[in-house]
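Subject: Structure handover and summary of findings

Dear colleague,

Please find below the structure for your records.

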Amino acid sequence: MKGILFDNDGTLVDTHDLILASMRHSTREVLGRVIPDEVLMRKVGQPLVVQMGDFTPDEGQQAEILRVYREHNHAHHDEAVRAFPGAREALEELTARGLALGVVTSKMHALAWRGLEITGLAPYLGCCIGADDCEHYKPEPEPVLRGLEALGLAAGDCWYVGDSPFDIQAGNAAGCSTAAVTWGMFSEEELLAARPDRVCRSFAELLELA
């Protein structure tokens with residue numbers, strides 16, 4: 001293998017509590033009701049505009065939830081975002097081994113990169129593909145294919161690593177080898193159903209990919 005593309009939230013960067021708090025705040029503010037956490041979080045890994053359709057069929061309300069979500073999320077982002085323990089050390093080691101590394105995320109490019117800079121992960125990454133860099137989103141393969149293009153790699157020479165079924169589906173569709181990590185937003189059972197090539201339960205296991 002010559003490279004690894006990573007998902008961002010739930011894979012390299014721990015934003016679970018921030019995302020959940022923003023989801024709770026925005027849906028309660030706009031809809032005036034409490035939505036169960038498992039419903040709020042079940043499509044994390046796809047763009048926010050897709051997720052909002054689960055909460056109401058009203059497009060106007062969807063747009064307002066998205067606006068309030070982003071307002072809340074951005075206001076608290078810098079103080080809440082952090083790298084998973086071991087993430088920076090793993091990227092440093094993979095870089096030392098000569099692998100090209102990048103991020104393919106359903107988050108908007110600028111905010112994703114800001115989080116990677118805050119957490120000290122950005123220097124190890126050769127590209128960042130965000131939701132606004134693509135016409136189609138995970139689980140479609142386009143974001144992963146754009147990441148491969150940015151790193152100058154063929155699909156057969158690259159892993160795609162993520163914590164959601166959407167990540168694994170996108171990586172498989174792009175022709176990459178795929179690895180699911182279990183410290184993110186989804187259960188191991190949900191990840192296995194997407195048919196990853198490997199399951200990594202620690203960053204030490206992730207280093208075995210190289």
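Of the 210 residues of the protein chain, 53% count as buried, where buried means under 20% relative accessible area, exposed over 50%, and partly exposed in between, with a 1.4 Å probe and protein chains only. This is a predicted model, in which local features need pLDDT of at least 70 and side-chain atom pairs count only at pLDDT 80 or more, while totals for chains, interfaces and linings use all residues. Residues are numbered from 1 along each chain as its sequence is written, and side-chain values use heavy atoms, with hydrogens and water left out.

Overall architecture

The protein chain has 10 helices and 8 strands; these are DSSP runs numbered from the N terminus, with helices being H or I of at least four residues and strands E of at least two. The radius of gyration is 16 Å, close to the 17 Å that the globule rule gives for 210 residues, so the protein chain is as compact as a globular protein of that length. That radius is taken over C-alpha atoms, and the globule rule is 2.2 Å times the number of residues to the power 0.38. The C-alpha trace spans about 50 × 30 × 30 Å along its principal axes. Among contacts (heavy atoms within 4.5 Å) with a separation of 6 or more, 64% are between residues 24 or more positions apart.

Helix α4 and its surroundings

Helix α4 covers residues 59–80, 22 residues in total. From its first C-alpha to its last it reaches 30 Å, close to the 32 Å expected at 1.5 Å a residue; the expected span is 1.5 Å times one less than the number of residues. A kink of about 35 degrees is centred on His74, the bend at a residue being the angle between axes fitted to the seven residues ending there and the seven starting there.

The buried residues of α4 are Gln62, Ile65, Leu66, Val68, Tyr69, His72, Asn73 and His77. Their cover includes α1 (16–31), α3 (48–51) and α6 (109–118). Ser22, in helix α1, is buried at 0% relative accessibility. Not counting residues up to four places away in sequence, Ser22 touches Tyr69, His72 and Asn73. The side chains of Ser22 and His72 are joined by a polar contact of 2.9 Å, a polar contact being a pair of N or O atoms within 3.5 Å; within protein, one must be able to donate a hydrogen and the other to accept it, and residues adjacent in sequence count only if both atoms are side-chain atoms. The side chain of Ser22 also reaches the backbone oxygen of Leu18, at 3.0 Å.

Helices α7 and α8

In α7 (142–151), the buried residues are Glu142, Pro143, Val144, Gly147, Leu148 and Leu151. These pack against β1 (3–6), β4 (100–104), β5, β6 (158–162) and α8. Gly152 follows α7 and has a positive phi, near 70 degrees.

Asp167 lies in helix α8 (residues 165–174) and is buried, at 0% relative accessibility. Leaving aside neighbours within four places in sequence, Asp167 is in contact with Asp7, Lys138, Tyr160 and Gly162.

Backbone geometry in two loops

The peptide bond from Lys138 to Pro139 is cis, with omega near 20 degrees. Pro139 is located in the loop between β5 (128–129) and α7. In the loop between α9 (188–193) and β8 (198–200) one finds Arg195, whose phi is near 65 degrees, a positive value in a residue other than glycine. Arg195 is exposed, with a relative accessible area of 68%.

Cysteines

Taking a disulfide as a pair of cysteine sulfur atoms within 2.5 Å, the count comes to 0 disulfides. The sulfur of Cys127 is 7.3 Å from the closest cysteine sulfur, in Cys128, which is too far for a bond. Cys158 is likewise in no disulfide, the nearest cysteine sulfur being that of Cys176, 4.9 Å away. Cys127 is buried, with a relative accessible area of 8%, and Cys158 is buried at 0%.

With kind regards
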